[in-house]
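Subject: Structure handover

Hello,

Here is the structure for you to take over. My notes on it follow below.

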Amino acid sequence: MVKLGKRLQALDAMVVAGYDQIWDGCCDHGLLGAALLSRRAAPLIHFVDLVPALMQQLAHQLQRHFPLSAAAADEGVQPRWQVHCCDLTSLRLDAAGGRQLVIIAGVGGDLMARMVEGLCLTNPNLSFDLLLCPANHAYNLRAQLIALGLGLKHEQLVADNRRYYELLLLTTEPGAGRAVSPAGDQLWQTSNPEQAVNAARYREQSLRHYQRMQLSQGERVQPQIEAYQRVQLPSEM
Ligand SMILES: C[S@@+](CC[C@H](N)C(=O)[O-])C[C@H]1O[C@@H](n2cnc3c(N)ncnc32)[C@H](O)[C@@H]1O
């Protein structure tokens, strides 16, 4: 079993017990899904990605490490994993599938915003949870989450290999969870000096990113700049 990096470890830790099905969307080599499968995080783990060659190779690896017996399928025993080669945006979740979690990690924030919107449109009357970790700036993604009215269950900042990642656990269940904040809320709460340094650096980095963008895009990115300027770290309160 390949050891997960800090970002994937943090995502793994945010997957609590109680889900009936977990979808590792954009799974690539399926590292996170395999870790969830190995610790039996849910009775059924789905692996989803667009690339056929990757998915064939992954199905082969999963069959080696977590074999599904043909006899079990004949006896109607539910498989522990399934591989799907498709576009996550148009993925139909299992309408009778109990509590479901869709994980999307490692794609850019703008693409992720389109994926979340697509998933919600494809599964309009279904409540499910989402665990998101964009590969870069999350402001536009957050704007989309707010527009869709998703509820926030938990958010945290993770530093991995000198890069910062926002991890957001959300629900589509109407009225559940807290409102998503444009630049993060709980994200900036820290409980030790290392987290405080990371939060300060991430705020600085985000602010500089949008200030650089302002040189070419002008007033369009003023709301982003003001949102990060308003962020207060615990040491400044
Ligand atoms: C960098 S990998 C992320 C791997 C893993 N989730 C992680 O966070 O380390 C991004 C993956 O997203 C997949 N992908 C991109 N767009 C997709 C879509 N619309 N539907 C499903 N998978 C997609 C790519 O094929 C690629 O394997």
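The buried residues of helix 2 are Leu32, Gly33, Ala34, Ala35, Leu36 and Leu37. Please keep in mind that this is a predicted model.

Those six are out of eight residues in helix 2 (residues 31–38), so the helix is largely enclosed by the rest of the structure. Arginine 40 follows helix 2 and has a positive phi, near 50°.

Next, a single residue. Leucine 62 belongs to helix 3 (residues 52–65). Is leucine 62 buried or exposed? Leucine 62 has 21 other C-beta atoms within 10 Å, and 20 or more are needed to count as buried, so leucine 62 is buried. Leaving aside residues up to four places away in sequence, leucine 62 touches Trp81 and Val83. From its C-alpha atom to that of proline 174, 112 residues apart along the chain, the separation is 36 Å.

Strand 7 (residues 163–171) runs antiparallel to strand 5 (residues 129–133), and four bridges join the two. Leucine 131 has leucine 169 in strand 7 as its bridge partner. Strand 7 also pairs with strand 6 (residues 151–160), again in the antiparallel sense, over nine bridges. Here leucine 157 is found opposite glutamate 166 of strand 7. What do strand 6 and strand 7 form together? They form a hairpin with two residues between the strands, and asparagine 161 in the turn has a positive phi of about 55°.

Last, the domains. The protein is divided into domain 1 (6–188) and domain 2 (189–237). Between their C-alpha centres there are 27 Å. How many residues of each domain are in contact with the other? Nine residues of domain 1 meet twelve residues of domain 2. On the side of domain 1 that touches domain 2, seven residues are nonpolar, two are polar and none is charged.

Regards

Terms used
Residues are numbered from 1 along each chain as its sequence is written. This is a predicted model: local features need pLDDT of at least 70, side-chain atom pairs count only at pLDDT 80 or more; totals for chains, interfaces and linings use all residues. A residue is buried if 20 or more other C-beta atoms lie within 10 Å of its own, exposed if 12 or fewer, and partly exposed in between; C-beta atoms are placed from the backbone. Two residues are in contact if their C-beta atoms, placed from the backbone, lie within 7 Å. Two strands pair if DSSP finds at least two bridges between them. Domain bounds come from an automatic or database domain assignment. Ala, Val, Leu, Ile, Met, Phe, Trp, Tyr, Cys and Pro count as nonpolar, Asp, Glu, Lys and Arg as charged, and the others, Gly among them, as polar.
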